[in-house]
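This report considers selected secondary-structure elements and a chain-to-chain interface. Please examine the entry shown here before reading on.

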Number of protein chains: 2
Amino acid sequence: MATSVKVIERTRSAYDYPLLIKHLLHTPQRIARDQEIVYRDLKRYTYGEFMGRIGKVANMLKALGVGPGSTVGVMDWDSHRYLECYFAVPMMGAILHTVNVRLAPEQIVYTINHAEDDVLLVHSDFLKLVEMIQPEFTTVKKIVLLQDVPGEISTTLELAGEYEDLVSSASEGYDFPDFDENARATTFYTTGTTGLPKGVYFSHRQLVLHTISVLAGANALKPYGVGFRSDDVYMPITPMFHVHAWGLPYAATMIGVKQVYPGRYEPEMLLRLIEKEKVTFSHCVPTILHMLLSHPASKEIDLSSWRVIIGGSALPEALCKAALDRGIDVYTGYGMSETCPVLTLAHLRPEMVGWSKDEQIPVRCKTGLPVPLVDIHVVDPEGKPLPHDGKSTGEIVVRCPWLTQGYFKETERSEELWHGGWLHTGDVGHIDEKGYLKITDRIKDVIKTGGEWISSLDLENIILKHEAVSEAAAIGVPHEKWGERPVVLVVLKPEYRGKVSEEDLRNFYMDFVDKGVISKWGVPDRILMVDQIPKTSVGKLDKKVMRQQVIDLLKQG
Amino acid sequence: MATSVKVIERTRSAYDYPLLIKHLLHTPQRIARDQEIVYRDLKRYTYGEFMGRIGKVANMLKALGVGPGSTVGVMDWDSHRYLECYFAVPMMGAILHTVNVRLAPEQIVYTINHAEDDVLLVHSDFLKLVEMIQPEFTTVKKIVLLQDVPGEISTTLELAGEYEDLVSSASEGYDFPDFDENARATTFYTTGTTGLPKGVYFSHRQLVLHTISVLAGANALKPYGVGFRSDDVYMPITPMFHVHAWGLPYAATMIGVKQVYPGRYEPEMLLRLIEKEKVTFSHCVPTILHMLLSHPASKEIDLSSWRVIIGGSALPEALCKAALDRGIDVYTGYGMSETCPVLTLAHLRPEMVGWSKDEQIPVRCKTGLPVPLVDIHVVDPEGKPLPHDGKSTGEIVVRCPWLTQGYFKETERSEELWHGGWLHTGDVGHIDEKGYLKITDRIKDVIKTGGEWISSLDLENIILKHEAVSEAAAIGVPHEKWGERPVVLVVLKPEYRGKVSEEDLRNFYMDFVDKGVISKWGVPDRILMVDQIPKTSVGKLDKKVMRQQVIDLLKQG
C-alpha cells in the first residue's frame, strides 16, 4: 500500500482557483446591484456603482504608479472610499496599509516608513498633520487628498489630486489579475503598550477564509437566524484602520447587505444614522456602546432592532444589562489584531434562547464559542490544555487559517507571539462545560498578590455593578510584602460625584467577599475616584499609563 | 515601486494551517458533545461518542494496513458508519472511495479496480454481489463486513472481521497528522449515459472550502434564518455514495446539528424518521419527494416544519406546489458530481418572502443564486457571457475552489470538461435580472428541430401540470426533414389510466402554444403513455435508454 498522501498535482491552470479578495464579489455582483452603500449624510450609491468604482480606483492608482507589490496607505475616517480601497488595492496585487490615525505623529511617521507606503491617501482633517511629518517620509511618492465636500484647499503639500476628482475621471474597467493567494493584502500596526507599534499582515487567502468562516459561524451557530443576513443594515463602529473593522465589511459586501459608514465617531451622527438608515447590525468596543446609551439623544431612538457585537475589551455585565433593557441584542466577540481578528462569538445555544435576561447576561458576556476552523485552547504554563470546568485558568493559545505570521520585519518580537506551535494571545481565561471561553485578564494585567492571581476584569466587573460607577479600571501596584496589591480607579456618574465615599465602594466589594465571588485578598487596597481613565488610541484601558499615574498619586499621599 | 505581488514566504511551520477535514471538528467538539446521531431505529449515540469512534475507526483501519495514500472503498447504505468514514479515512491521509452500489456488477468491479481500493467495507446486503465479483479484484487486500444486527453470516469471502466488533475493540485516540491540503480525500464515479463510469476526486482543501462556503451562503443569503442552523435536525435523502450526499453531512457535523441516517430508502421508514426524530432539513431528487408525498402514510404526518432542497434534476412546478401545499419549505439547489456539488441555491430574496405561493413557485424552481466564491456564467458558443435578461440561453460554465480537476486517470475525457479556462457543465440555461440561474436543459437533451432549440424540460414541465400526469420525459428522436422532433413519454396517475387519450394531452400542449409559452414547433409529434420511465442508478431520467425504446416503439408502429 501507499505510504504518503496523494497530493493532487495541478495539470491544468484553469483548475487553479486561488482564494483572492476579488472572488468575494461574485455573489453581490449577482444579487445586490441595487443595494445601497451610505457615507454619513454625504454620499449614497448602489453596489452597481461601487463595483464600477473599484475598477476606477484601480485605474487611478495605476496612473499614480501603483502596481502589484506597491503599498498604499490610507488616512481616512470610516467611509465608502475606505471600502473601495479594501477591495481595489489588494485586488491589484498591491498592499493596503490602514494607517492608525489616532497614533502620535511620530508613530504615524514610523508606521508609514516601516510599511514602505508608496502612495498615501489623506483625508483633509489630517492634512496639517501630514504637512508636519511629510519631510520625514522615506518612501511616499504621491499624496492624494480625500475631501468630503469639494472646495479649495490651501496646503504646502504637493498633491496628486483629489480622490473624487481622480476617480470620476479615471477610465472604467480594470482586469484584476489572478496571483498567488498568499500574496500580502493588508498591513496595519498594533498599539502595544510598550515600544514601537508592531505591524501585522494578512494575505488574500487569510482574509477570504476569515470572511466565509465568520459568516458560516455567525449564522449557523446562533439559532433563529440572528447572524448576519441579507436583510441586515450594517454599520461598523470599530475603525476601518483597525483590523479591517473586524473584517466584517468584507462579509457585509459578500452577502450584499446595505452598508452605512459613519465617518468620524460623533454620538449624534451615529445615533441619527442608526435611526434614519434603520441600522440593524453593528460592532464596537464597550466604551462606544456606553457612550451611545448614556447620550441624551439615545432616549428618543428605538434601538430594539439593533444587534451589536462587543469586542476589544470585555463586555461588563452592567452594560450588557443596560443594552438588553433597551432591546438591543448584544453579545461578545473575541479576537485581536494578530488574529484578523475573529476567533470566538458568544452565541446563545438553542436551549438558552428561552432563558431570562439575567440568565443570559453571563453567557453574552463570555467571549464565546469558536467560529469554524478555529482550534483554541486554554493551557497551563507547560502548554497542556486545561479541563473545561469553567474555572481552570491559563493562557489562551490558538491555531487557525487567519493568524499573522509575525510582526512585520520584527523577527525577535514575533518569537514571543509564536512558540510551541501555537499563537500565544497573552490573554488569560477558562472554558466552561458548554464550551464557552471566558477571558479573565491579560497575562500582564493579572494582579499577583501573595502567590494568588486576581483577575483585574473581575474587580472591574464588580464595581461596575455599583449604581454610582460609570467606568472602572483595576491594576496591580508594586507592594513590598505581597508583590502586588490591587488598586481600582473609578469614574462616578455625574449625579453621584461627591456623594459616594471610598469606604462605600470598599463595602460594596466586601459584599462580594461574603458571597464568595472574590477572596478577601482581592479587595482593592485603594479605590480612587478620578475624572477620566487613560485609554489607548483604540479605546482600550491603558493600564501602563494608569499604573504610573497611580504610583505617582499614592506617592503624593 | 515593486512590480510583483509580495507573497508571504513561510518562515515558521506553526503558521502553516492547512485546510484539512479534521479542522471541521473543532467547533462541534466544543459545542455539540451531547448532540445525537441516529441510524434508523438501530443506533443512536452522541457526538462525543462519534468523535471517539473516529479515532477507533482509524486505529482499526491502520491495523488492516491502511495509511496515508491508501484507498478505502465503502459499500453501505446511508449510516453513522458512513459518516465515521467520511472523517476517519481522509483524516488519516487515506482516500475514501464511496462505491456506487446501484451500478451494474461489472461497473462496480471496474470502479473498485480503477480507484485502486486497498480495503473494502461491505454491508451484508452486498455480500452476495461481492462474492461474485471478488475474483476480478486487482487491488483489494482486506474486506470488512458491515452488519446492522449482529449474527452469524455464511460467506465464501475471507473477512477481516465485522466493523462494529473491530471498532469496539480498537484502541482509543489517533493522532491525525497534518499534511498538504491538496491531498486527495475522496473519489467516486459518475454514471455517464455513455461509456464507462468516470471517477471524480476532491482534496481536503476543496471539501473544507465547499463546507464553509455553502454554510455561509445558505445562511446569509436566505433571510429569516431559513438556512442551516444549530437547532436543525438533518436527514439527507441523497445517497452518501453520491457526491458526499451533496457535502452536507460535513456541514451538519461542523455546526453540530442532530443527524439522522435512514439506511436504504424505504418510504415508510423515511416518513417514520421524519416524524419521530422531528427532521427539519433534508435534500433529495424530485423523484424521492414525489414518492414521499404520494405515499399513503404521508397523509398522517405533519410536514410543515420540513425544509427540502431539491437537486439532481429540475423541480417541476407542480411538485413544488404540492410540497408548499403541505407546508414544506422547498427550493432548488444546483450542482453536479464534478462540482463537489453545490454551485447555486434558489433562496428567496428578502423582498420575495411576502409573495404569494404562486409567485414564489417559479423562483423556488429556478436553480438559484451562486454561493460564495462561485463564478458562474451562461455563455454563447464563443464563450462570451450572455446578458442577464431571463431568456438569452447558452451553456453554463463555472470556476470556483471545489471543482474536480478532471476524471481520474482519464486525460482525454477531462478535456471535454475543462476548456477555455472554465469547467463546462453541459447544462443549458439563462440568468434573469435578479441574478437567478435557470437550467433549461442538458446540452445533449436539447431538441434541435428545424434550426430551433426546444427545451425538453419545458415540455416536461407543461405536461406535468395536467391533472392526469404523474411523470414525464421529453426526448428528441431523429427526423429526416427536421433533424429531430420532440416525443414525450408520460406515466399517468393510476386513477386516470385508460381515461385520457394522446389527443387530450396534445390539446393540453396547444393551450400553451396559444399562451405563447412554446412555439407551434415545440408541440411533440407523439405523446406516448408508458408504465414507467427509465432512470439511471441515481434516479435521473435515462434519456439514452429512452431514445432507443422510443425508436423501437415507433418502428413497431
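How many bridges join S18(B) to strand S20 of chain B?

## Basis of the report

This is a predicted model, in which local features need pLDDT of at least 70, side-chain atom pairs count only at pLDDT 80 or more, and totals for chains, interfaces and linings use all residues. Residues are numbered from 1 along each chain as its sequence is written, chains are lettered from A and ligands numbered from 1 in the order in which they are written, and side-chain values use heavy atoms, with hydrogens and water left out.

## Strand pairing in chain B

S18(B) (residues 394-399) and S20(B) (residues 422-431) run antiparallel and are joined by 4 bridges. Strands are DSSP runs of E with at least two residues, helices are runs of H or I with at least four, and both are numbered from the N terminus; two strands pair if DSSP finds at least two bridges between them. Within this pairing, Gly394(B) stands opposite Gly429(B).

S18(B) also pairs with strand S17 (residues 375-379) of chain B, in the antiparallel sense and over 5 bridges. There, Val397(B) of S18(B) lies opposite His377(B). Of the 6 residues of S18(B), 6 are buried, where buried means under 20% relative accessible area (1.4 Å probe, protein chains only).

## Helix H9 of chain B

Helix H9(B) (residues 248-255) is largely enclosed by the rest of the structure, because 8 of its 8 residues are buried. Among them are Leu248(B), Tyr250(B), Met254(B) and Ile255(B). Just after H9(B), Gly256(B) adopts a positive phi of about 75°.

## Interface of chains A and B

Chain A and chain B each bring 92 residues to the contact, defined by heavy atoms within 4.5 Å. About 7500 Å² is buried between the chains, with carbon and sulfur atoms giving 59%; this is the accessible area (1.4 Å probe) that two parts lose on being put together, summed over both.

The two chains share 4 salt bridges, each a side-chain nitrogen of Lys or Arg within 4 Å of a carboxyl oxygen of Asp or Glu. Glu181(A) forms a salt bridge with Arg205(B), and their closest N and O atoms are 2.7 Å apart. On the side of chain A that touches chain B, several elements each supply at least two residues, including helix H7 (204-221), helix H9 (248-255) and strand S20 (422-431) of chain A. H7(A) gives the most to that side, with 11 residues.

Methods. Buried means under 20% relative accessible area, exposed over 50%, partly exposed in between (1.4 Å probe, protein chains only).
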